[in-house]
Amino acid sequence: MDSKTRATDVASKALKYVLIAEMCVIGFLILVTFVPMIFGFRPTVVLSDTMRPAMPAGAMAYVNQHTAEADYREGDVVAFDIDIPDIDWCGWRIQEIDHKQKMITTTKDAPEIEDVRTNAISDVQGRIDAAVPVLGYAVDTAARNAIWIVIVVGGTAIAAYAVGFYARRRVGDRQQTGVSTQAPVQGTQAMTMRKEGI
């Protein structure tokens, strides 16, 4: 195998590994976004630091939409619908809860923010059971640039196939050339041996 064929083979393998890595990342983002929804957890991106350190900006929060009203406790972080464009929900921590009156008092975690509210428990959209830092930004960025992701992954797949095809074709051509040139050499050696009486 000459240096050009070897370089082509290395490039083909590298592109395949890149393609596998891209598919793994996409698969992971799909896994953490859509699979939880099957079990009643709505993923949502944390856009502000009002609930830090428990939920910093950029985290992916999972809202349990099947939490019963009787299961809410003081200290739980819950999600409410708010009338702000481009924002689905906003989170508050339960400070006090009155199950008899079905009312809750909530506040923010950030010490510099004073936002105490009293709402009916029925206004709560769900309890935030988990929050994964940075993951929200990753999913949001992927969603906003989906078309470019398709282009990059598709381009990598095409390049991997093209380079791999070229590498296989080049190896095949060299093998055929080696077979065709080998026979005359052997015949020449045989004739030389006979001529010299060996």
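Biologist: Two strands count as paired if DSSP finds at least two bridges between them, so which residue in strand 2 is the bridge partner of Thr44?

Modeller: In this predicted model, the bridge partner of Thr44 in strand 2 is Ala61. That bridge belongs to the pairing of strand 1, residues 41-45, with strand 2, which runs in the antiparallel sense over five bridges.

Biologist: And what about strand 2 and strand 7, in which sense do they pair?

Modeller: Strand 2 and strand 7, the latter covering residues 124-132, also pair in the antiparallel sense, and five bridges are found between them.

Biologist: How many residues of strand 2 are buried?

Modeller: Five of the five residues in strand 2, which spans residues 60-64, are buried, so the strand is mostly covered, given that buried means under 20% relative accessible area.

Biologist: Which way do they point from the strand?

Modeller: Met60, Tyr62 and Asn64 point one way from strand 2, whereas Ala61 and Val63 point the other way, and the residues on both sides are buried.

Biologist: Switching to rings: how many aromatic pairs does a search of the whole structure find?

Modeller: The search finds one aromatic pair. It is formed by Phe80 and Trp92, with ring centres 5.6 Å apart and planes at 75°, and because planes over 60 degrees apart count as edge-to-face, that is the class assigned to this pair.

Biologist: Where in the chain do those two sit?

Modeller: Phe80 is in strand 3, residues 77-84, and Trp92 is in strand 4, residues 87-98; the two are twelve residues apart, and the pair links distant parts of the chain.

Biologist: Is Phe80 buried or exposed, and what about Trp92?

Modeller: Phe80 has a relative accessible area of 5% and is therefore buried, and Trp92, at 2%, is buried as well.

Biologist: Which charged end sits over the ring of Trp92?

Modeller: The charged end of Lys108 sits over that ring, 4.1 Å from the centre. A further case involves Trp89, where Arg42 lies over the face at 4.6 Å from the ring centre.

Biologist: Last topic, Tyr161: where is it, and is it buried or exposed?

Modeller: Tyr161 is in helix 3, residues 146-195, and because its relative accessibility is 56%, Tyr161 counts as exposed.

Biologist: What separates its C-alpha atom from that of Lys16?

Modeller: The C-alpha atoms of Tyr161 and Lys16 are separated by 8.5 Å, although the two residues are 145 residues apart along the chain.

Conventions: Residues are numbered from 1 along each chain as its sequence is written. This is a predicted model: local features need pLDDT of at least 70, side-chain atom pairs count only at pLDDT 80 or more; totals for chains, interfaces and linings use all residues. Side-chain values use heavy atoms; hydrogens and water are left out. Rings of Phe, Tyr and Trp (its six-membered ring) pair if their centres lie within 6.5 Å; planes under 30 degrees apart count as stacked, over 60 as edge-to-face and the rest as tilted. Helices (H or I, at least four residues) and strands (E, at least two) are DSSP runs, numbered from the N terminus. Buried means under 20% relative accessible area, exposed over 50%, partly exposed in between (1.4 Å probe, protein chains only). A charge sits over a ring if NZ of Lys or CZ of Arg is within 6 Å of the ring centre and within 35 degrees of the ring normal. Two strands pair if DSSP finds at least two bridges between them.
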